[in-house]
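Here is a short tour of one protein model. Keep the sequence and the 3D view open as you read.

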Amino acid sequence: MAGLEQTRQLVTEIPGPASLELTKRRAAAVSHGVNVSLPVFVARAFGGIIEDVDGNRLIDLASGIAVTTVGNSSPRVVEAVRAQVAEFTHTCFMVVPYEQYVAVAEELNRITPGSGEKRSVLFNSGAEAVENAVKIARSYTRKPAVVAFNHAYHGRTNLAMALTAKSKPYKSGFGPFAPEVYRAPVSYPYRDGLLDKELATDGEKAAARAIDVIESQVGADSLAAVIIEPIAGEGGFIVPADGFLPTLLDWCRKNDVVFIADEVQTGFARTGAMFACEHEGIEPDLICTAKGIADGLPLSAVTGRAQIMDASHAGGLGGTFGGNPVACAAALATISTIESDGLIERARQLERLITEPLLRLQAGDDRIGDVRGRGAMVAIELVKSGTAEPDAELTQKLSTAAHAAGVVVLTCGMFGNIIRLLPPLTIGDELLNEGLDILGRLLGDL
Ligand SMILES: Cc1ncc(COP(=O)(O)O)c(C=O)c1O
């Protein structure tokens with residue numbers, strides 16, 4: 001691949017001297033409220049490789065949290081951004097509109113599940129998309145309440161924090177939170193199965209448990225929306241049992257409740273379908289997207305049924321930077337790259353390439369409680385040997401050792417015991433295999 005050699009190379013300790021210098025400047029200049037997973041500073045990134053300021057080349061199994069899905073600095077995206085930035089950078093779509101915004105909306109309306117008439121609106125971040133999806137649902141239903149799920153992550157703004165399940169580090173000390181947010185149990189096959197084997201495989205039963213909580217604690221007559229990630233991201237790549245999401249959607253339809261799918265992490269081919277909802281055969285009312293939409297340029301969207309999307313009064317939705325033309329150019333190039341390069345199929349291949357070695361590892365190591373995910377979104381849940389007790393310490397050690405060996409991985413999960421893998425879909429097989437081999441070896445050593 002042109003741009004940057006697609007091989008791992010360590011020329012210093014991780015972090016190296018130049019990164020350590022920058023870490024000192026960071027500590028003096030940047031709010032300590034911002035944490036970093038891996039304290040190396042990037043100089044360049046291309047395809048599946050990140051090169052740091054010391055000249056180390058790291059294997060990217062994170063994609064900046066599922067953002068650079070079409071590869072770091074994907075050539076067609078770079079070209080589209082260069083061309084757009086030379087034309088104009090901003091006029092504010094609400095002041096003087098431009099075609100690029102409309103074209104992205106058309107593309108989103110075309111590629112999201114659901115065949116009826118749709119509309120889209122563009123924002124900057126996933127959290128902003130989530131906040132606006134709730135605004136739209138309230139405006140349409142004229143009802144106040146929202147249900148989110150255990151293990152959910154929806155962002156860091158006030159309402160998104162309220163919708164997020166995990167206290168530390170996302171919510172602790174930041175309240176009071178937005179009112180009228182309620183929580184229901186999600187389908188979590190691995191942990192549900194420890195209590196009730198049927199619940200682990202029977203999604204309808206898991207949905208009945210959630211609906212029971214919703215009906216008894218909220219009531220459909222005050223419920224505007226149910227918001228759910230089709231596969232929980234930060235929560236630990238939890239793929240719900242078959243039937244869970246369709247049953248929930250069915251209940252929403254019967255009760256005039258808007259079903260919002262938060263596909264911020266799962267969208268744009270990541271899971272081996274353009275959107276993860278397609279695996280479940282469901283058509284949500286509203287879909288939130290961000291992350292993988294524009295290969296790293298800040299852009300997000302809410303897309304959904306025209307009737308719901310048009311319920312807000314004119315001027316009710318928007319924002320200064322929402323649908324920035326440079327980000328829109330990147331999004332159009334990203335979507336066309338996914339389609340023309342067969343990246344949905346590539347994500348399915350990656351699922352096999354990642355899952356098979358991890359399952360082999362699990363067969364000989366009972367600290368891997370579960371291997372799960374879809375497409376290029378796969379995680380291992382680490383537990384204390386012979387139990388299902390989460391092992392956050394082992395997870396942290398494995399992640400730190402992987403970073404030191406030049407493999408970028410992320411941790412996640414309510415109990416901090418999950419290693420998640422989100423490689424760019426354009427990563428070469430050899431590079432991916434090398435990263436997985438290193439991970440397996442390091443786990444064995446720990
Ligand atoms: C499912 C989901 N929703 C919302 C968000 C928030 O997105 P952002 O960080 O762009 O605000 C994230 C980010 O990780 C996410 O994974």
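Is Phe 93 buried, partly exposed or exposed? Phe 93 is partly exposed, with a relative accessible area of 23%. Buried means under 20% relative accessible area, exposed means over 50%, and partly exposed lies in between (1.4 Å probe, protein chains only).

## About the model

This is a predicted model, where local features need pLDDT of at least 70 and side-chain atom pairs count only at pLDDT 80 or more, while totals for chains, interfaces and linings use all residues. Residues are numbered from 1 along each chain as its sequence is written, and side-chain values use heavy atoms, with hydrogens and water left out.

## Aromatic rings

A pair of aromatic rings is described by the distance of the centres and the angle of the planes. Rings of Phe, Tyr and Trp (its six-membered ring) pair if their centres lie within 6.5 Å. Planes under 30 degrees apart count as stacked, over 60 as edge-to-face, and the rest as tilted. By this rule there are seven aromatic pairs.

Phe 93 and Tyr 101 are a stacked pair, 3.7 Å centre to centre with 10° between the planes. The rings of Tyr 98 and Tyr 101 have centres 6.5 Å apart and planes at 70°, so this pair is edge-to-face. Tyr 98 and Tyr 101 are both buried; for Tyr 101 the relative accessibility is 9%. Phe 88, Phe 93, Tyr 98 and Tyr 101 make up one aromatic cluster.

A charge can also sit over a ring (NZ of Lys or CZ of Arg within 6 Å of the ring centre and within 35 degrees of the ring normal). The charged end of Lys 171 does this at Phe 177, 5.2 Å from the ring centre.

## Helix H9

Helices (H or I, at least four residues) and strands (E, at least two) are DSSP runs, numbered from the N terminus. Helix H9 has 15 residues, 203–217. The expected span of a helix is 1.5 Å times one less than its number of residues. For H9 that gives 21 Å, and its end C-alpha atoms are 21 Å apart, which agrees.

Gly 203, Ala 206, Ala 207, Ala 210, Ile 211, Val 213 and Ile 214 are buried in H9. Seen down the axis of H9, its buried residues fall within an arc of 155° (taken from the directions from the helix axis to the C-beta atoms), so they line one face of the helix. On the other side of H9, Glu 204, Asp 212 and Ser 216 are exposed. What covers the buried residues of H9, by contact (heavy atoms within 4.5 Å), includes strand E5 (145–149) and helix H10 (244–254). Just after H9, Gly 219 has a positive phi of about 95°.

## Helix H13

Helix H13 runs over residues 343–363. Its 21 residues should span 30 Å, and its end C-alpha atoms are 30 Å apart. Among its buried residues are Leu 343, Arg 346 and Leu 358. Their cover includes helix H12 (325–340) and helix H15 (429–445).

Most residues other than glycine have a negative phi, and most peptide bonds are trans. Which bonds are cis here? One joins Lys 168 and Pro 169, with omega about 5°. Another joins Gly 175 and Pro 176, also with omega about 5°. Pro 169 and Pro 176 lie in the loop between H6 and E6.

Asp 256 has a positive phi of about 55° and is partly exposed at 45%. Asp 295 has a positive phi near 55°, but Asp 295 is buried at 7%.
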